[in-house]
Amino acid sequence: MNIRQNSFYIFACKFCLGKDVLAVILTNFIQRLVQTDRTHMDPIQEALLKEKCLLVDEQDHVIGETTKEDCHLVHTDGHIKLHRAFSVFLFNSNGDLLVQKRAATKITYPNRFTNTCCSHTLSDVPHETEEKDALGVKRAARRKLNYELGIPMEDLPIESFKFLTRIHYKDQGDGKYGEHEIDYILCVQRDVHLHPNYNEVSEVRYVKKEDFDDFIQKNEALLTPWFHLICRYNLIDDWWENLDRLDQVTDVETISKLS
């Protein structure tokens, strides 16, 4: 394909798909070209690939640890190592959900909209492996909310986190890096101060419940796979409807497999 054909193809894609969807397609395409050459990776994000995540079995029993990079590599047979993760849904006192758009520098799922914060418990961070009452996961969530969104620790007391349930999902990503996680769902309702880390997020916004369906429909092609599945299975609707009585929609024993 020559330069003129390339330009026409990009123009056609932009016209048919919209500039936001095109941005994701082009970012993923460029990533495939440069991932074998680590000099093109953002140095901060590359360093984070060395973090040690917890490997688990399908019952969420810890069976080992490995690097964040190794956890996300898609093997030639499609295998991705199952590991522990969390997803935070933070609502303000008005009941609006805080969502973020992942930065273009992210190695997995750049430029995608997602819930408030999504990351991993780390084996080499003190107390993040504690199982009782999901305390280790809650501590990891506080750490990452502070790192990604600049939320002060004092805005997020550990008791403000409600562990709702777990989901198990897998996504092949861009074919190089994907996801295979048992994902702890945490809910917080607090008014917090935000100071986003733009190496992690490019945009943050609060979405009202009555505007959420329109937001999802408009950005469906730009959602992270876990956020898309949570919305598709209408899990978030139950949580949102019951913010003042979350015990009624809590199931910490079940691990729901979503696909």
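Predicted model: local features only at pLDDT ≥ 70, side-chain atom pairs only at ≥ 80, totals over all residues.
Which residues are linked in a network of salt bridges? They are Asp60, Arg84, Glu131 and Arg166. A salt bridge here is a side-chain nitrogen of Lys or Arg within 4 Å of a carboxyl oxygen of Asp or Glu.

Good morning, colleagues. Residues are numbered from 1 along each chain as its sequence is written, and side-chain values use heavy atoms, with hydrogens and water left out.

Two further conventions will be needed. Helices (H or I, at least four residues) and strands (E, at least two) are DSSP runs, numbered from the N terminus. A residue is called buried under 20% relative accessible area, exposed over 50%, and partly exposed in between, with a 1.4 Å probe and protein chains only.

Let me begin with strand β8, which covers residues 179-189. Ten of its eleven residues are buried, and the strand is thus mostly covered. Strands count as paired if DSSP finds at least two bridges between them. Strand β3, residues 83-91, runs parallel to β8 and is joined to it by nine bridges. In this pairing, alanine 85 stands opposite aspartate 183 of β8. Strand β7, residues 162-171, is also joined to β8 by nine bridges, but this pair runs antiparallel. Here threonine 165 faces isoleucine 185 of β8 as its opposite residue.

I turn now to the salt bridges. How many salt bridges does the count come to? The count is 15. I shall present three of them individually.

In one, the side chains of lysine 257 and glutamate 58 meet, at 3.6 Å from N to O. This pair links distant parts of the chain, 199 residues apart: lysine 257 belongs to strand β10 (residues 255-257), and glutamate 58 to the loop between β1 (52-56) and β2 (62-67). Lysine 257 is exposed, because its relative accessible area is 57%. Glutamate 58, at 45%, counts as partly exposed.

Another salt bridge brings together the side chains of aspartate 70 and lysine 81, at 2.6 Å from N to O. Aspartate 70 lies in helix α4 (residues 68-72) and lysine 81 in the loop between α4 and β3, eleven residues apart. Is aspartate 70 buried or exposed? Its relative accessible area is 17%, so aspartate 70 is buried.

Lysine 162 forms a salt bridge with aspartate 247, the closest N and O atoms being 2.5 Å apart. Lysine 162 is in β7, whereas aspartate 247 is in the loop between α8 and β10, and 85 residues separate the two. Aspartate 247 is exposed, with a relative accessible area of 59%, while lysine 162 is partly exposed at 26%.

Next, the helices. Where does the chain hold a helix that is largely enclosed by the rest of the structure? That is helix α7, residues 225-232, and the description applies because six of its eight residues are buried. The buried residues are Pro225, Trp226, Phe227, Leu229, Ile230 and Cys231. Just after α7, asparagine 234 takes a positive phi of about 60 degrees.

In helix α5, residues 135-149, we find alanine 140. This alanine is buried, its relative accessible area being 0%. The C-alpha atoms of alanine 140 and histidine 127 are separated by 8.8 Å, and the two residues are 13 apart along the chain.

A buried lysine also deserves mention. Lysine 101 is located in strand β4, residues 97-102, and is buried because its relative accessible area is 14%.

Glu210, Asp211, Asp213, Asp214, Asp237 and Asp238 form a negative patch. For such a patch, residues need over 30% relative accessible area and no salt bridge, and like charges are joined within 9 Å. Asp and Glu count as negative, and the place of a charge is taken as CG of Asp or CD of Glu. Helices α6 (209-218) and α8 (235-241) each supply at least two residues, and the largest share, four residues, comes from α6. Aspartate 211 is placed in α6 and is partly exposed, with a relative accessible area of 40%.

Note on methods:
Patch = residues over 30% accessible without salt bridge, like charges linked within 9 Å, V, L, I, M, F, W, Y side chains within 5 Å. Areas by Shrake-Rupley, 256 points an atom, 1.4 Å probe, with all protein chains shown as cover.
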